[in-house]
Amino acid sequence: STIAVFAPATVANVVCGFDVLGFAVNEPGDEVIMRMTNKPGITISKITGDDGRLPLNPAKNTVSVSVQHYLESVGRTDIGLDIELHKKMPIGSGLGSSSASTVAGLFAIKTLLGDETDAATLLPFAMKGEEMACGHGHADNVAPALLGGFVLIRSYEPLDVVRLPHPAGLWCAIVFPDVDVPTREARQIIRNKIFMKDAVTQWGNIAGLVSGLFMQDIDLIGRSMQDVLVEPVRSMLIPDFYVMRQIAMEMGAVSFGISGSGPSVFAFTRDEETAKRITQKLQQHLTGIKIGSNIYVS
Ligand code: HSE
(Lines give C-alpha, C1' and ligand atoms only; values in the text may rest on other atoms or scores of the structure.)
Protein backbone atom coordinates (compact mmCIF):
# COMPACT_ATOMS: atom_id res chain seq x y z
CA SER A 1 0.00 0.00 0.00
CA THR A 2 0.97 3.63 -0.60
CA ILE A 3 0.20 6.78 1.33
CA ALA A 4 0.79 10.49 0.72
CA VAL A 5 1.07 12.80 3.73
CA PHE A 6 1.34 16.58 3.81
CA ALA A 7 2.79 18.36 6.86
CA PRO A 8 2.85 22.15 7.20
CA ALA A 9 5.51 24.76 7.68
CA THR A 10 5.70 26.16 11.20
CA VAL A 11 6.74 29.38 12.89
CA ALA A 12 8.75 28.50 16.00
CA ASN A 13 9.49 30.75 19.00
CA VAL A 14 6.68 33.19 18.06
CA VAL A 15 9.10 35.98 19.03
CA CYS A 16 9.24 35.74 22.82
CA GLY A 17 8.86 31.96 23.29
CA PHE A 18 12.29 30.66 22.36
CA ASP A 19 12.05 26.84 22.07
CA VAL A 20 8.64 26.75 23.79
CA LEU A 21 6.07 28.20 21.36
CA GLY A 22 5.21 27.48 17.74
CA PHE A 23 2.32 27.40 15.32
CA ALA A 24 1.50 25.72 12.02
CA VAL A 25 0.44 27.53 8.86
CA ASN A 26 -1.73 26.13 6.11
CA GLU A 27 0.89 26.60 3.41
CA PRO A 28 3.56 25.84 2.37
CA GLY A 29 4.27 22.29 3.51
CA ASP A 30 6.17 19.18 2.50
CA GLU A 31 4.82 15.92 1.14
CA VAL A 32 6.01 12.39 1.77
CA ILE A 33 4.83 9.49 -0.35
CA MET A 34 5.52 6.18 1.36
CA ARG A 35 5.14 2.75 -0.17
CA MET A 36 5.46 -0.68 1.42
CA THR A 37 7.92 -2.93 -0.44
CA ASN A 38 8.87 -6.61 -0.20
CA LYS A 39 12.48 -6.01 0.72
CA PRO A 40 13.11 -5.21 4.40
CA GLY A 41 14.73 -1.83 5.00
CA ILE A 42 14.14 1.77 3.91
CA THR A 43 15.02 3.28 0.55
CA ILE A 44 14.57 6.87 -0.65
CA SER A 45 13.81 6.79 -4.34
CA LYS A 46 13.22 10.48 -4.98
CA ILE A 47 13.61 13.93 -3.45
CA THR A 48 12.31 17.01 -5.23
CA GLY A 49 12.50 20.70 -4.37
CA ASP A 50 15.77 20.50 -2.43
CA ASP A 51 18.20 21.64 -5.13
CA GLY A 52 20.09 18.40 -4.58
CA ARG A 53 20.95 19.36 -0.99
CA LEU A 54 19.38 16.48 0.91
CA PRO A 55 20.89 12.99 1.11
CA LEU A 56 19.19 10.03 -0.59
CA ASN A 57 21.18 7.78 1.73
CA PRO A 58 18.56 6.53 4.24
CA ALA A 59 21.18 6.48 7.02
CA LYS A 60 21.70 10.22 6.58
CA ASN A 61 18.26 11.58 5.80
CA THR A 62 16.28 12.84 8.81
CA VAL A 63 13.00 11.44 7.45
CA SER A 64 14.23 7.86 7.07
CA VAL A 65 16.27 7.98 10.28
CA SER A 66 13.22 9.08 12.31
CA VAL A 67 11.05 6.45 10.62
CA GLN A 68 13.70 3.83 11.40
CA HIS A 69 13.66 4.84 15.11
CA TYR A 70 9.90 4.48 15.09
CA LEU A 71 10.06 1.03 13.42
CA GLU A 72 12.56 -0.10 16.04
CA SER A 73 10.34 1.09 18.86
CA VAL A 74 7.30 -0.81 17.55
CA GLY A 75 9.37 -3.89 16.66
CA ARG A 76 8.69 -3.71 12.90
CA THR A 77 12.15 -3.51 11.34
CA ASP A 78 11.08 -6.50 9.21
CA ILE A 79 9.12 -4.33 6.78
CA GLY A 80 10.32 -2.68 3.58
CA LEU A 81 9.57 0.96 2.75
CA ASP A 82 10.25 3.30 -0.10
CA ILE A 83 10.06 7.05 0.49
CA GLU A 84 9.58 9.96 -1.90
CA LEU A 85 10.07 13.41 -0.39
CA HIS A 86 8.69 16.49 -2.09
CA LYS A 87 9.98 19.69 -0.52
CA LYS A 88 7.78 22.72 -1.04
CA MET A 89 9.73 25.21 1.03
CA PRO A 90 13.36 26.31 1.14
CA ILE A 91 15.79 24.48 3.40
CA GLY A 92 17.29 26.65 6.16
CA SER A 93 14.50 29.18 5.81
CA GLY A 94 13.26 29.27 9.41
CA LEU A 95 9.95 27.71 8.43
CA GLY A 96 10.49 24.31 9.98
CA SER A 97 11.47 22.68 6.72
CA SER A 98 13.13 19.59 8.19
CA SER A 99 10.33 19.25 10.75
CA ALA A 100 7.63 19.22 8.09
CA SER A 101 9.37 16.41 6.21
CA THR A 102 10.06 14.37 9.33
CA VAL A 103 6.53 14.75 10.67
CA ALA A 104 5.04 13.77 7.30
CA GLY A 105 7.25 10.66 7.22
CA LEU A 106 6.36 9.63 10.75
CA PHE A 107 2.67 10.20 10.23
CA ALA A 108 2.86 8.15 7.03
CA ILE A 109 4.42 5.12 8.70
CA LYS A 110 2.10 5.35 11.69
CA THR A 111 -0.90 5.36 9.37
CA LEU A 112 0.46 2.58 7.11
CA LEU A 113 0.90 0.34 10.14
CA GLY A 114 -2.57 1.14 11.45
CA ASP A 115 -1.10 2.51 14.69
CA GLU A 116 -4.02 4.29 16.35
CA THR A 117 -2.16 5.84 19.27
CA ASP A 118 -2.37 9.61 19.60
CA ALA A 119 -0.25 11.54 17.06
CA ALA A 120 1.62 13.14 19.97
CA THR A 121 3.35 9.79 20.60
CA LEU A 122 5.39 10.52 17.46
CA LEU A 123 6.94 13.64 19.01
CA PRO A 124 10.06 12.04 20.53
CA PHE A 125 10.90 10.48 17.14
CA ALA A 126 10.40 13.80 15.35
CA MET A 127 12.61 15.51 17.95
CA LYS A 128 15.36 13.02 17.20
CA GLY A 129 15.08 14.13 13.57
CA GLU A 130 15.55 17.75 14.66
CA GLU A 131 18.57 16.78 16.68
CA MET A 132 20.07 15.20 13.63
CA ALA A 133 19.21 18.18 11.42
CA CYS A 134 20.62 20.92 13.63
CA GLY A 135 22.25 19.41 16.69
CA HIS A 136 19.40 20.14 19.09
CA GLY A 137 16.11 18.30 19.57
CA HIS A 138 13.77 21.25 20.08
CA ALA A 139 10.05 20.59 19.62
CA ASP A 140 8.65 24.02 18.72
CA ASN A 141 8.51 23.15 15.00
CA VAL A 142 7.70 19.44 15.11
CA ALA A 143 4.93 19.74 17.72
CA PRO A 144 2.81 22.27 15.78
CA ALA A 145 3.59 20.48 12.47
CA LEU A 146 2.18 17.32 14.03
CA LEU A 147 -0.70 18.71 16.09
CA GLY A 148 -1.67 21.83 14.10
CA GLY A 149 -2.47 25.30 15.42
CA PHE A 150 -0.56 26.90 18.31
CA VAL A 151 1.44 24.68 20.64
CA LEU A 152 3.31 25.32 23.90
CA ILE A 153 6.17 23.07 24.97
CA ARG A 154 5.60 23.53 28.70
CA SER A 155 8.48 21.18 29.55
CA TYR A 156 11.07 19.09 27.71
CA GLU A 157 11.88 16.71 30.53
CA PRO A 158 9.39 15.23 30.91
CA LEU A 159 7.90 16.27 27.59
CA ASP A 160 4.68 18.21 28.20
CA VAL A 161 3.02 19.70 25.15
CA VAL A 162 -0.07 21.89 25.40
CA ARG A 163 -2.30 22.89 22.50
CA LEU A 164 -3.36 26.53 22.69
CA PRO A 165 -6.31 28.34 21.10
CA HIS A 166 -5.91 31.40 18.88
CA PRO A 167 -8.25 34.17 17.79
CA ALA A 168 -10.03 33.24 14.55
CA GLY A 169 -9.22 36.58 12.95
CA LEU A 170 -5.45 36.36 13.33
CA TRP A 171 -3.46 36.15 10.07
CA CYS A 172 0.20 35.69 9.42
CA ALA A 173 2.35 37.20 6.69
CA ILE A 174 5.61 35.39 6.05
CA VAL A 175 8.53 36.82 4.12
CA PHE A 176 11.58 34.78 3.21
CA PRO A 177 14.71 36.88 2.69
CA ASP A 178 16.76 34.68 0.42
CA VAL A 179 19.81 34.15 2.63
CA ASP A 180 20.82 30.92 4.30
CA VAL A 181 20.71 30.86 8.11
CA PRO A 182 21.36 27.31 9.34
CA THR A 183 19.62 26.69 12.67
CA ARG A 184 22.76 25.06 14.04
CA GLU A 185 24.69 28.31 13.57
CA ALA A 186 21.83 30.54 14.66
CA ARG A 187 21.80 28.62 17.95
CA GLN A 188 25.52 28.94 18.48
CA ILE A 189 25.48 32.73 18.53
CA ILE A 190 22.88 33.04 21.28
CA ARG A 191 24.06 34.08 24.73
CA ASN A 192 24.11 31.30 27.32
CA LYS A 193 23.67 33.54 30.32
CA ILE A 194 21.03 36.24 30.68
CA PHE A 195 20.24 39.01 33.13
CA MET A 196 17.39 38.59 35.58
CA LYS A 197 15.78 41.83 34.41
CA ASP A 198 15.70 40.50 30.83
CA ALA A 199 14.27 37.18 32.04
CA VAL A 200 11.51 39.08 33.84
CA THR A 201 10.67 41.01 30.67
CA GLN A 202 10.68 37.79 28.65
CA TRP A 203 8.44 35.69 30.87
CA GLY A 204 6.04 38.58 31.27
CA ASN A 205 5.77 38.67 27.49
CA ILE A 206 5.31 34.92 27.11
CA ALA A 207 2.57 34.91 29.73
CA GLY A 208 1.00 37.94 28.01
CA LEU A 209 1.06 36.24 24.62
CA VAL A 210 -0.51 33.04 25.95
CA SER A 211 -3.14 35.06 27.83
CA GLY A 212 -3.88 37.02 24.66
CA LEU A 213 -4.38 33.79 22.73
CA PHE A 214 -6.89 32.55 25.30
CA MET A 215 -8.63 35.91 25.69
CA GLN A 216 -8.70 36.49 21.92
CA ASP A 217 -7.12 39.85 22.70
CA ILE A 218 -5.08 40.75 19.63
CA ASP A 219 -3.77 44.00 21.20
CA LEU A 220 -2.38 42.02 24.13
CA ILE A 221 -0.85 39.49 21.73
CA GLY A 222 0.80 42.33 19.81
CA ARG A 223 2.31 44.14 22.77
CA SER A 224 3.56 40.86 24.28
CA MET A 225 5.51 39.90 21.17
CA GLN A 226 8.86 41.38 22.11
CA ASP A 227 12.03 39.38 22.52
CA VAL A 228 14.91 40.87 24.52
CA LEU A 229 16.98 37.68 24.58
CA VAL A 230 17.37 36.15 21.13
CA GLU A 231 16.17 38.62 18.51
CA PRO A 232 18.79 41.31 19.28
CA VAL A 233 21.50 38.78 18.36
CA ARG A 234 19.86 36.86 15.51
CA SER A 235 18.47 39.93 13.76
CA MET A 236 22.04 40.72 12.72
CA LEU A 237 21.90 37.73 10.35
CA ILE A 238 18.82 39.07 8.56
CA PRO A 239 19.34 41.87 6.04
CA ASP A 240 17.11 44.90 6.73
CA PHE A 241 15.38 43.24 9.67
CA TYR A 242 14.55 46.52 11.42
CA VAL A 243 13.60 48.23 8.16
CA MET A 244 11.17 45.40 7.40
CA ARG A 245 9.76 45.64 10.92
CA GLN A 246 9.14 49.35 10.59
CA ILE A 247 7.42 48.92 7.23
CA ALA A 248 5.23 46.08 8.52
CA MET A 249 4.22 47.94 11.69
CA GLU A 250 3.42 51.11 9.74
CA MET A 251 1.23 49.04 7.45
CA GLY A 252 -0.87 47.80 10.37
CA ALA A 253 0.91 44.64 11.55
CA VAL A 254 0.07 43.58 15.08
CA SER A 255 3.60 42.27 15.60
CA PHE A 256 6.72 41.41 13.65
CA GLY A 257 9.60 39.05 14.35
CA ILE A 258 11.89 36.24 13.26
CA SER A 259 10.32 32.93 12.29
CA GLY A 260 12.19 30.16 14.12
CA SER A 261 15.89 30.78 13.74
CA GLY A 262 15.37 32.90 10.60
CA PRO A 263 15.96 34.24 8.05
CA SER A 264 12.19 34.19 7.44
CA VAL A 265 10.28 36.90 9.26
CA PHE A 266 6.59 37.02 10.01
CA ALA A 267 3.95 39.54 10.97
CA PHE A 268 0.61 38.95 12.62
CA THR A 269 -2.26 40.91 11.15
CA ARG A 270 -5.97 41.23 11.81
CA ASP A 271 -6.99 40.28 8.29
CA GLU A 272 -5.84 38.52 5.15
CA GLU A 273 -5.71 41.72 3.12
CA THR A 274 -3.15 43.36 5.42
CA ALA A 275 -1.08 40.15 5.46
CA LYS A 276 -1.02 40.19 1.68
CA ARG A 277 -0.19 43.88 1.43
CA ILE A 278 2.71 43.50 3.85
CA THR A 279 4.20 40.53 2.04
CA GLN A 280 3.83 42.32 -1.27
CA LYS A 281 5.42 45.45 0.08
CA LEU A 282 8.31 43.50 1.48
CA GLN A 283 8.72 42.15 -2.04
CA GLN A 284 9.79 38.66 -1.27
CA HIS A 285 7.85 35.53 -0.49
CA LEU A 286 4.31 36.63 -1.25
CA THR A 287 1.81 34.77 0.85
CA GLY A 288 -0.99 35.57 3.24
CA ILE A 289 -1.19 32.52 5.40
CA LYS A 290 -3.89 31.40 7.79
CA ILE A 291 -2.98 29.92 11.15
CA GLY A 292 -4.30 26.64 12.39
CA SER A 293 -3.80 24.07 9.69
CA ASN A 294 -3.12 20.47 10.46
CA ILE A 295 -1.51 17.58 8.67
CA TYR A 296 -3.72 15.67 6.32
CA VAL A 297 -3.54 12.37 4.54
CA SER A 298 -4.64 11.53 1.05
N1 HSE B 1 13.48 27.23 18.62
C2 HSE B 1 14.37 26.92 17.53
C3 HSE B 1 15.43 27.99 17.44
C4 HSE B 1 13.57 26.87 16.28
O5 HSE B 1 15.07 29.17 17.54
O6 HSE B 1 16.60 27.67 17.29
C7 HSE B 1 14.38 26.58 15.06
O8 HSE B 1 13.52 26.59 13.95
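Reader: Is Val63 buried or exposed?
Author: Val63 is buried, because 27 other C-beta atoms lie within 10 Å. A residue is called buried if 20 or more other C-beta atoms lie within 10 Å of its own, exposed if 12 or fewer, and partly exposed in between, with C-beta atoms placed from the backbone. This is a predicted model, where local features need pLDDT of at least 70, side-chain atom pairs count only at pLDDT 80 or more, and totals for chains, interfaces and linings use all residues. Residues are numbered from 1 along each chain as its sequence is written.

Reader: Where is Val63, and what does it touch?
Author: Val63 is in helix α1, residues 62-73. Helices (H or I, at least four residues) and strands (E, at least two) are DSSP runs, numbered from the N terminus. Not counting residues up to four places away in sequence, Val63 touches Val32, Ile83, Leu85, Ser101, Thr102 and Gly105. Contact means that the C-beta atoms, placed from the backbone, lie within 7 Å.

Reader: Now the whole chain. How many helices and strands?
Author: The chain has 10 helices and 11 strands. Buried residues make up 48% of its 298 residues. Of the contacts with a separation of 6 or more, 72% are between residues 24 or more positions apart.

Reader: And the core, which residues have the most contacts inside it?
Author: In the largest nonpolar core, of 81 residues, they are Val103, Ala104, Leu106, Ala126, Val142, Leu146 and Cys172. Helix α2 (residues 97-112) gives the largest share of this core, seven residues. A nonpolar core here is a set of buried Ala, Val, Leu, Ile, Met, Phe, Trp, Tyr and Cys residues joined through C-beta atoms within 7 Å.

Reader: Which residues does the UniProt "binding site" annotation cover?
Author: The unreviewed UniProt entry lists several, including Ile91 and Ser93. UniProt positions are given in the numbering used here, feature names are shortened, and annotations may be inferred rather than shown by experiment.

Reader: Take Ser93 then. Buried or exposed?
Author: Ser93 is buried, with 24 other C-beta atoms within 10 Å. Ser93 sits in the loop between β4 and α2, and beyond four places in sequence it touches Phe176, Pro263 and Ser264. Ile91 is in the loop between β4 (80-86) and α2, but Ile91 is partly exposed, with 17 other C-beta atoms within 10 Å.

Reader: What surrounds the ligand?
Author: There are 14 residues around the ligand, and the closest are Ala12, Asp19, His138, Gly260 and Ser261. A residue counts as near if its C-beta atom, placed from the backbone, lies within 6 Å. Helix α5 (residues 183-188) supplies the largest share of the shell, three residues.

Note on methods
Two residues are in contact if their C-beta atoms, placed from the backbone, lie within 7 Å.
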